[in-house]
Amino acid sequence: MTNVIETHHLSKSFGRNTALEEVDISVEEGGIFGVIGPNGAGKTTLMRLLLDIVRPSSGSARVLGEDPRKASIGIRRHIGFVPGELRLEGRVTGRQLLRHYASISGPVAPGAANDLADRLGLDLSRQVRTLSKGNKQKLGLVQAFMHRPRLLILDEPTSGLDPLVQQEFLSMLREAKADGQTVFLSSHVLSEIQQAADTVAILRAGRLVSVSDIDSLRLTAIRHVRVGVADAEMHAARETIAALSGVRDTAVTTGDGARLTATIEGDIDPLVKALSRFRITDLVVEEPDLEESVLRLYNIAPEESTNEQ
Amino acid sequence: MNSNLPLFRRSLANSWRSLIAWSLGVVAAMMLYLPLFPSLGGNPDVQQLLDGLPSELVKSIGYDQIAVGSGYTQSTFYGLIGFALLTIAATSWGTAAIAGDEETGSLELTLAHHVSRTQVILERSAALIIRLVWLGLLSAIIVIAMNTPAELNIEPAHALAGAGAIIGLTLLSGTVAIAVGALTGRRIYATAAGAGIAVLGYALNAVANQSDDLDWLHSWSPYHWAYGNSPLANGADPGGFGLLYGLSAALIVISLVALNRRDLRG
């Protein structure tokens, strides 16, 4: 299997600020490779390096078999890109803008752009500058997907999209994969990566913390649980769930409507089954917190803060 | 490079509204001033009024040649209003070409496509040149059309030389803005540099007009390179034009090197 993306000790500093340090990754053709990490971890810098928008301080990269720095621009016909901050402007309609991008990328099949816009619910006859952030993001997705590139590089592609459109986007990703396209995407939302990616790399403060397949990551996800239980049963409920493996930090909050809170690592099925014996007035299971999961998983002490660029 | 110049066409398509606005500005300014020449420039009362003003003032605003058609057209349009209009247009287009596009993040997306940085500079510089050539030629056409009714007595070839002068002079502001954009990626620096070189050239020329002792300052003024030889009266000045267009070409080369070498700003 050939690698579509390969980096070797790839590093990038901006002045004294190290954005990326000695990153080695390889992305196989035909898969969906997710990069997660908190804001400022270096995800955007990594993607910009792959596209020769910024140049490495040291180390090297190969994209579609070529060094982005020296590659003929022809390889970029085979890449679709959505930047992290997409600020499209101009007094042109979405359709005109897409026609322009089509003229500087690979050939676009007739109707491909319209089909994608329909799927995402985007009106291409409106002027770009009047579009909402979400609609600009949709336009960005259409221009990245429309020429069916071999490689899609997507930086936080779902930011600003409502949940229904996010689902549509995930199905576009699955189709791209079925089609043999390779996807390299970043997110700071773990669930999004979990639904789409085959392989996940975790970046933190410019360093690659791990690369693993998606299943091993899912098991170790940390969730916060908040349960409303009748007062009389609160104590018993707390003891019951505290006894489960993977449950930590159980506590009872007082005040308006007492709640039982806990942190659970891994499968939530035993917790739900155990709670079913009680009368539950409320149940909230929060999205796994990415940073917390990652830190727990790799036993890394939290750092004060990280900066990008 | 793509044979169909996609970035060149995009630049023109993006700015046709502003190009029409600047064209209307040129037409309005010329139609305001030129028809007044028979009653103003050749009028002894006006000449008397100018004679009463301090000669330094008259020289620094370039009104010492106002009694002939070419001097009048130069003083009112090419040396003043037209110079200001085209400088502002060129600086804003030159700024938008690289620095503005980079600050909005559009340049990053463009460069992720089948486009080289060299191509971005060349096609967008070409789009800047073609727009300025249009505005310059428009002014020459109006001068030629108004020649008889306004009694300007300017030879058509010299009208074209006047266009060549204003195009070259304002192109310099545009290419400075492109080059500073390519070097820094900052809109504010690009605009300041493009406008700054125009103001500096004008000021140097005005100071140098004051006395023979200061005459050497002329050789540092792009404004003087363009107009020192009075192109409307005497035709194109190869030396001055060579400096203006040569410097713009050098700035485009600097832009190519600068943009190809650096990281884009995030």
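**The sheet and helices of chain A**

In chain A, 6 strands make up an open sheet of mixed pairing, in the order 6-7-8-4-9-10. Two strands count as paired if DSSP finds at least two bridges between them. Helices (H or I, at least four residues) and strands (E, at least two) are DSSP runs, numbered from the N terminus. Strand 6 (79–82) and strand 10 (207–213) of chain A are at the edges, each with a single partner strand, so one side of each has no neighbour in the sheet. From one strand to the next, the twist averages 15 degrees.

The model is predicted; local features need pLDDT of at least 70, side-chain atom pairs count only at pLDDT 80 or more, and totals for chains, interfaces and linings use all residues. Residues are numbered from 1 along each chain as its sequence is written, and chains are lettered from A and ligands numbered from 1 in the order in which they are written.

Strand 6 of chain A runs parallel to strand 7 (residues 151–155) of chain A, joined by 4 bridges. Val82(A) has Leu154(A) of strand 7 as its bridge partner.

Helix 3 (residues 112–120) of chain A has Ala113(A), Leu116(A), Ala117(A) and Leu120(A) as its buried residues. Buried means that 20 or more other C-beta atoms, placed from the backbone, lie within 10 Å of the residue's own. Seen down the axis of helix 3 of chain A, these residues fall within an arc of 100 degrees, so they line one face of the helix. The arc is taken from the directions from helix axis to C-beta atoms. Just after helix 3 of chain A, Gly121(A) adopts a positive phi of about 70 degrees.

Key:
Buried ≥ 20, exposed ≤ 12 C-beta atoms within 10 Å, placed from the backbone. Axes fitted to C-alpha atoms, helices over the stretch in contact; angles between N-to-C directions.
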